[in-house]
Amino acid sequence: MTVSYKKVISLFAAFAIFFTAFIYPSTTHAADATTSGRIIPNVVVVGVGGTITSTSPSRELFQTYGTPRVPINDIIQRLQPELSKVANVTSTELSNISSSQTTSKDLYNLTLAIDKQLSSPTVDAVVVTTGTNIMEELAYWTDLTVQSPKPVVFTGSMRQSNTISFDGEGNLLNAIRLAASQKTTYYGTVLMMNDEFFAAREVTKTDALRLDTFGGGRYGALGTVDENRIRAVRAPARVKEATTGKWQTPFNLNTIKPEDLAKVEIIYSYTEASGAPIAALAAEGVQGIVTAGHGAGGISTPQQEARKAAIESGVLFVNATRTGSGAVYDTGAKGIIGAGDLLPQKARILLQLGLTFSKDQEQIRQWFSTIGMPDFDMSK
């Protein structure tokens, strides 16, 4: 019997595939295989609104908002069929609101929703779509509270879903690419916009209107997403704790209720700033205040006097800088914690969680010096 060369090659290829599968069985628990044998990860998109699901009254108006809002699943469907080559994507819409409507309860619910999705063995990663105005705050909140080490990637858009230059489709596709790659496992939360991804702790919005608004400050981006070429050039310091049992933060929201969250505010300092807002907030019963000071955390004399009185009444202060860069180091002063290089809006989140989970000011100070100022010290 004559066997053609092509048949021999086909039989050899089939045997090789079988032998490889037998010796090296797939350990990916959540993904589905395509007909080509390639593993396709499962990614859940959690939508909470923002510009990516908003609309404009006219296609050429990039900064004017109208109605209605569109479901996040509509944006996902625009990416098909190409998206199916990247990941098996499902979505859930937790809310569809603007940044101005977001509350601490919304953040609490977001963390629980992410953890619920990631607790499933059939989910490999989560992508969160939200408004860019406070995206850095939501991302840092989940970075501190999500208990799963699986990838969590935030994204959104600067322009509305029906405008000529809508950037949301590209951002969402790249965020799913990044999440599906698993490259940010144990990174905590990252933010992906304009083909770059950043650590939640460091990222900030730097421009009100431009598409390249997000930056990582002095530290820059963690990496880039160029089509299917995903490059991670550095990592957050917390990856040192991967698989050690110390990776999770103490801020497990499953142990509290949303009404337990501490009330924390921010006060801005400037020339001859009044101390009245500090006194008013203390009288109102806030538990913590972050001061956005000038230079290395300086505040006006009236503010200093008001702060001293508020400390005596039990208010805990965190001293940050309004400069956008540089550190305010802790001096151990009674009732005042140095924010390090956390931006005021990020320091507020850590202080809120600290006051929620502990009444010991020295414990909160320790969290600021460790969780708030991670150090890539490989000698430890």
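Colleague: In this predicted model, is Arg78 buried, partly exposed or exposed?
Modeller: The relative accessibility computed for Arg78 is 37%. Since buried means under 20% and exposed means over 50%, the value of 37% falls in between, and Arg78 therefore counts as partly exposed.

Colleague: Where does Arg78 sit, and which residues does Arg78 touch beyond those up to four places away in sequence?
Modeller: Arg78 belongs to helix α2, which covers residues 72–78. Glu169 is 91 residues apart from Arg78 along the chain, yet their C-alpha atoms are separated by 7.6 Å. Leaving aside residues up to four places away in sequence, the residues that Arg78 touches are Ser161, Phe166 and Glu169.

Colleague: Which backbone oxygen lies 3.0 Å from a polar atom of the Arg78 side chain?
Modeller: Ser161 is among the residues in contact with Arg78. A polar atom of the Arg78 side chain lies 3.0 Å from a backbone oxygen, which is that of Ser161.

Colleague: Which strands stand at the edges of the open sheet, and why is one side of each left without a neighbour?
Modeller: The sheet is formed by eight strands with mixed pairing, in the order β4-β3-β5-β6-β7-β8-β11-β12. Because each edge strand has a single partner strand, one side of each has no neighbour in the sheet, and these strands are β4 (88–97) and β12 (229–232).

Colleague: Which residue of β11 stands opposite Glu196?
Modeller: Strand β8 (residues 196–199) runs antiparallel to β11 (residues 223–226), and two bridges join them. In this pairing, the β11 residue that stands opposite Glu196 is Thr224.

Colleague: At about what angle does helix α3 run to β5?
Modeller: Helix α3 (residues 104–118) lies across β3 (42–49), β4, β5 (125–129) and β6 (152–155). Relative to β5, helix α3 runs at about 155°.

Key. Residues numbered from 1 in each chain as written. Predicted model: local features only at pLDDT ≥ 70, side-chain atom pairs only at ≥ 80, totals over all residues. Heavy atoms only, no water. Buried < 20%, exposed > 50% of the residue type's maximum accessible area, 1.4 Å probe, protein only. Contact = heavy atoms within 4.5 Å. Polar contact = N/O pair within 3.5 Å; in protein donor to acceptor, adjacent residues only side chain to side chain. Pairing = 2+ DSSP bridges. Axes fitted to C-alpha atoms, helices over the stretch in contact; angles between N-to-C directions.
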